[in-house]
Amino acid sequence: MKLEILHVPAAAGGQTRPPLLFVHGSYCGAWIWADRFLPFFAQQGYDCHALSLRGHGGSEGAVDWASLADYVADVVSAVDGLDRPPVLVGHSMGGLVAQHVVAAGHPTAGLALLASTPPSGLGSSSLHMMAHAPDVLFQIGLLQSLGPAAVSPAAMHRALFSDHTEPGHVAWMMNHLQKESSRIGAELLMPPQPWPPADCPPALVVGGDRDVFLPVAAFEETARHWRAALHVLAGAPHGLMADTAYWRPCAETVAGWLGTGVL
């Protein structure tokens with residue numbers, strides 16, 4: 001099975017730095033990292049790779065009943081194709097997938113988790129959404145059952161972005177969204193725990209306090225679990241890597257951690 005991996009080589013001087021492997025969240029693909037994060041980190045001297053999980057973006061394979069284990073296998077395949085252990089950078093669902101790759105003992109240089117699904121899954125977060133954003137929860141159900149054309153642009157704006165992001169960018173993203181695996185949706189409610197290995201790499205957790213999917217408590221849980229540095233960005237939404245106002249503060253937070261915590 002051929003998996004799409006976008007590659008942006010490091011600028012001069014990055015030969016001693018570990019590669020970065022970006023893992024997207026639900027309904028997305030490698031494209032979510034392409035406009036901002038890949039060129040930003042390549043200019044910082046990192047060899048950048050963004051994977052589309054099976055059935056997403058340009059990758060082969062069926063998405064309908066893909067499991068968490070399937071997505072972990074996809075990331076492991078991408079890791080094995082690199083010449084050095086990478087830093088895994090995972091967003092949302094992709095953050096939990098990355099946690100399981102590390103927990104299984106596959107060689108990695110670090111783990112950066114952006115608005116990541118916590119180790120315990122989305123059970124408590126679903127209750128958070130029911131209380132604080134029931135309209136967004138309903139729209140996600142429409143996205144999964146009927147596809148992006150059935151979803152309200154205004155609701156997706158609220159779900160993923162801050163008010164600083166222009167509607168045109170939201171429309172662009174909606175044109176790229178796709179249905180997600182029904183099986184993974186169920187698994188994420190109560191997944192198996194990804195226990196840190198004895199030789200656990202350094203870890204970072206970044207989240208926003210305006211995330212309608214995940215409360216700050218979810219980021220705190222993830223940071224405790226991985227003994228990770230925690231950065232909560234004031235005003236930041238769930239779509240950290242794509243938001244007009246918050247992609248750069250998020251990227252700079254990760255870059256600063258890479259410079260002190262990994263290398």
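This is a predicted model: local features need pLDDT of at least 70, side-chain atom pairs count only at pLDDT 80 or more; totals for chains, interfaces and linings use all residues.
Ala, Val, Leu, Ile, Met, Phe, Trp, Tyr, Cys and Pro count as nonpolar, Asp, Glu, Lys and Arg as charged, and the others, Gly among them, as polar. With these classes, the lining of the largest cavity divides into six nonpolar, one polar and two charged residues. The residues in question are Trp31, Ile32, Ala34, Asp35, Arg36, His169, Trp172, Met241 and Ala242. By the definition above, Asp35 and Arg36 are the charged ones, and His169 falls in the polar class.

Now consider the chain as a whole. Its secondary structure comes to ten helices and seven strands. The radius of gyration is 17 Å, close to the 18 Å that the globule rule gives for 263 residues, so the chain is as compact as a globular protein of that length. Along the principal axes, the C-alpha trace spans about 45 × 35 × 35 Å. Of the 263 residues, 56% count as buried. Among contacts in the chain with a separation of 6 or more, 75% are accounted for by residues 24 or more positions apart.

The next topic is empty space. Rolling a probe the size of a water molecule over the atoms shows where empty space is left. The structure holds one cavity of 30 Å³ or more. The largest cavity contains about 50 Å³ of space.

The largest pocket holds about 650 Å³ of space. How many residues line the largest pocket, and which lie nearest its centre? The lining consists of 36 residues, and Ser26, Tyr27, Leu122, Ile140 and Phe213 lie nearest the centre. By class, the lining has 21 nonpolar, 14 polar and one charged residues. At least two lining residues come from each of helix 4 (123-132), helix 5 (134-146), helix 6 (153-160) and helix 8 (182-187). Helix 5 gives the most, with five residues.

Is Ser26 buried or exposed? The relative accessible area of Ser26 is 18%, and buried means under 20%, so Ser26 counts as buried. Leaving out residues up to four places away in sequence, Ser26 touches Met93, Glu180 and Leu188. Val232 is 206 residues from Ser26 in sequence, and the two are 22 Å apart in space, C-alpha to C-alpha.

Another serine, Ser52, also sits in a loop, the one between strand 3 (48-51) and helix 2 (68-80). Ser52 counts as buried because its relative accessibility is 0%. The side chain of Ser52 reaches the backbone nitrogen of Ala30 at 2.9 Å. Ala30 is also one of the residues in contact with Ser52 once neighbours within four places in sequence are set aside.

His157 counts as buried because its relative accessibility is 16%, under the 20% limit. Not counting residues up to four places away in sequence, His157 touches Ser162, Asp163, Thr165, Pro167 and Val170. The buried residues of helix 6 are Ala155, Met156, His157, Ala159 and Leu160. What covers them includes helix 5 and helix 7 (167-174).

One more histidine, His225, lies in helix 9 (residues 216-226). At 15% relative accessibility, His225 counts as buried. Which residues does His225 touch, if those up to four places away in sequence are not counted? They are Pro119, Gln193, Pro194, Trp195 and Pro196. Pro196 is 29 residues from His225 along the chain, and the C-alpha atoms of the two are separated by 7.7 Å.

Definitions and conventions
Residues are numbered from 1 along each chain as its sequence is written. Side-chain values use heavy atoms; hydrogens and water are left out. Buried means under 20% relative accessible area, exposed over 50%, partly exposed in between (1.4 Å probe, protein chains only). Contact means heavy atoms within 4.5 Å. Helices (H or I, at least four residues) and strands (E, at least two) are DSSP runs, numbered from the N terminus. A polar contact is a pair of N or O atoms within 3.5 Å; within protein, one must be able to donate a hydrogen and the other to accept it, and residues adjacent in sequence count only if both atoms are side-chain atoms. On a 1 Å grid over the protein atoms alone, a cavity is a set of points where a 1.4 Å probe fits but cannot get out, and a pocket is an open set with protein on both sides within 12 Å along at least five of seven lines; lining residues have an atom within 4 Å of a point. Grid points are joined across faces, edges and corners, and a volume is the space filled by probe spheres set on the points. The radius of gyration is taken over C-alpha atoms; the globule rule is 2.2 Å times the number of residues to the power 0.38.
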